[in-house]
Amino acid sequence: MALKTPSTFLSPLFLPKHYTLSIFNPVSLNIYRKPTPLSCKSTHSHSPSQLPLSDTKLLSSEPEGTGAASPTRGDRFLERQQADEAAKLLIKEIKKTKKKTKKVLKVNTATACCYGCGAPLQTSEVDAPGFVDMDTYELKKKHHQLRTILCGRCRLLSHGHMITAVGGNGGYSGGKQFVSADELREKLSHLRYEKALIVKLVDIVDFNGSFLSRVRDLAGANPIILVVTKVDLLPKGTDFNCVGDWVVEAITKKKLNVLSVHLTSSKSLVGIAGVASEIQKEKKGRDVYILGSANVGKSAFISALLKMMAQRDPAAAAAQKYKPIQSAVPGTTLGPIQIDPFLGGGKLYDTPGVHLHHRQAAVVHSEDLPILAPQSRLRGQSFPVRFV
Ligand SMILES: Nc1nc2c(ncn2[C@@H]2O[C@H](COP(=O)(O)OP(=O)(O)OP(=O)(O)O)[C@@H](O)[C@H]2O)c(=O)[nH]1
Ligand SMILES: [Mg+2]
């Protein structure tokens, strides 16, 4: 079910003014600065009184017959040509530096990563994410199949083991094999500089806790589709229209501009088709990033999306083979995972969840989390109101 809100997104308004100025100032200073060649004045028939004040001063400051010889027409032509060349070079340099920064900021897809969690593959630390034994690694490398490797931790996670990898959460002080929450967040820092479509996920069971109010810090001015997950856990008979209205009101209060709001379940596939068609409509050749706080169901949502898209799209059907791992442990996904489900260009990315210190997962031991996570529908309870 898809609840539409009017699109109030206007990207140009979000561009900070100082950014534009700082980029273009050097150009305008060096290229468009008007030269004041004395020679030009001497060839004209103006009298000093007809010239602008500054020029008059310059002319009168040099006694006639002294000063440099007036440049010829050819000299002036050469001068102009040199200025043009210098300007072109400068523009080229600026474009080059811009390209370089973009390259650094883009997701690094050169290093081989585990397709389940996005951690870089390594053969040295058995307990750390991304571990694969040397023989398997060499064999897969030889056959150019590094993208088909699932690391040791992901194998255990897929069998129900609870292995956290994020230090500072769930009572873990962090260590050599732990990634920090800040490091994970850093992996999303390139996003605000890219032209992307953001699909922001929020868990209906912990709506305010998982909302990620400062999503614009990560997403920049990119358009956002809001997806509310796990609605299959709402009590039986819940009026989705009411929930939808409540969500729209909540995001209006939080002053977040979104393209549309969708209530979904990755388990029952409710609402997934609506999001799939909305993504196709709004993608416009851009990459699509699934963003949200840890454990909201990003990887599960990608699985559901691929399943839905696979019915019509062979690219999505092929992408289903190596899809991200989902588990009840917050911090399952440790790096951006690139998926190619779109025939018409643009990639889909699963991202590491943002760890928020106020959430349950930040204080509860990871092994205890599955007991606390709702496994089936929540049951509503009514209490009689007592009038005193
Ligand atoms: N009932 C229900 N459970 C869901 C749904 N989506 C995800 N889950 C469960 O929520 C837990 C977290 O799912 P993930 O997809 O791993 O969450 P994530 O956001 O990718 O987590 P990180 O990678 O740690 O950031 C798993 O136990 C999923 O089975 C849903 O729609 N309904
Ligand atoms: Mg994940």
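**Exercise 1. In which loop is Leu269 found, and is this residue buried or exposed, or does it fall in between?**

Solution. The model is a predicted one, in which local features need pLDDT of at least 70 and side-chain atom pairs count only at pLDDT 80 or more, while totals for chains, interfaces and linings use all residues. Residues are numbered from 1 along each chain as its sequence is written, and chains are lettered from A and ligands numbered from 1 in the order in which they are written.

Step 1: Leu269 is found in the loop between strand 6 (260-263) and helix 11 (272-283), where helices (H or I, at least four residues) and strands (E, at least two) are DSSP runs numbered from the N terminus.

Step 2: a residue is called buried if 20 or more other C-beta atoms lie within 10 Å of its own, exposed if 12 or fewer, and partly exposed in between, with C-beta atoms placed from the backbone. Leu269 counts as partly exposed because it has 14 C-beta neighbours inside 10 Å.

Step 3: the backbone of Leu269 has a positive phi, near 65°, in a residue other than glycine. Most residues other than glycine have a negative phi.

**Exercise 2. Describe Lys230 by its phi, its loop and its burial.**

Solution. Step 1: Lys230, which is not a glycine, has a positive phi of about 65°. Step 2: the loop that holds Lys230 lies between strand 5 and helix 10 (240-253). Step 3: Lys230 counts as buried because 25 C-beta neighbours lie inside 10 Å. A further positive phi, near 55°, belongs to His144, which follows helix 6; in helix 6 itself (residues 134-142), the count of buried residues among the nine is zero.

**Exercise 3. Work out how strand 4 is covered and which strands it is joined to.**

Solution. Step 1: strand 4 (residues 196-203) is mostly covered, with eight of its eight residues buried. Step 2: in a regular strand the side chains alternate between the two faces of the sheet. In strand 4, Ala196, Ile198, Lys200 and Val202 are buried on one side, and Leu197, Val199, Leu201 and Asp203 are buried on the other.

Step 1: two strands pair if DSSP finds at least two bridges between them. Strand 4 is joined by six bridges to strand 7 (residues 287-292), and the two run parallel; here Val199 stands opposite Ile290. Six bridges also join strand 4 to strand 5 (residues 224-229), again in parallel, with Ile198 opposite Ile224.

Step 2: strand 5 is in turn joined to strand 6 by four bridges, and these strands run parallel, with Leu263 in strand 6 as the bridge partner of Val228.

**Exercise 4. Locate Leu334 and list what it touches.**

Solution. Step 1: Leu334 sits in the loop between helix 13 (314-319) and strand 8 (337-339). Step 2: Leu334 is buried because 26 other C-beta atoms lie within 10 Å. Step 3: two residues are in contact if their C-beta atoms, placed from the backbone, lie within 7 Å. Not counting residues up to four places away in sequence, Leu334 touches Cys117, Gly118, Ala119, Pro129, Ala165, Val179, Leu184 and Pro352. Step 4: Pro352 is 18 residues from Leu334 along the chain, yet their C-alpha atoms are separated by 5.0 Å.

**Exercise 5. Decide where the model calls for caution.**

Solution. Step 1: pLDDT is the predictor's confidence in each residue, from 0 to 100; the protein averages 80, and 75% of the residues score at least 70. Step 2: over residues 1-67 pLDDT stays under 50. Step 3: where pLDDT is low, the predicted coordinates should not be read in detail.
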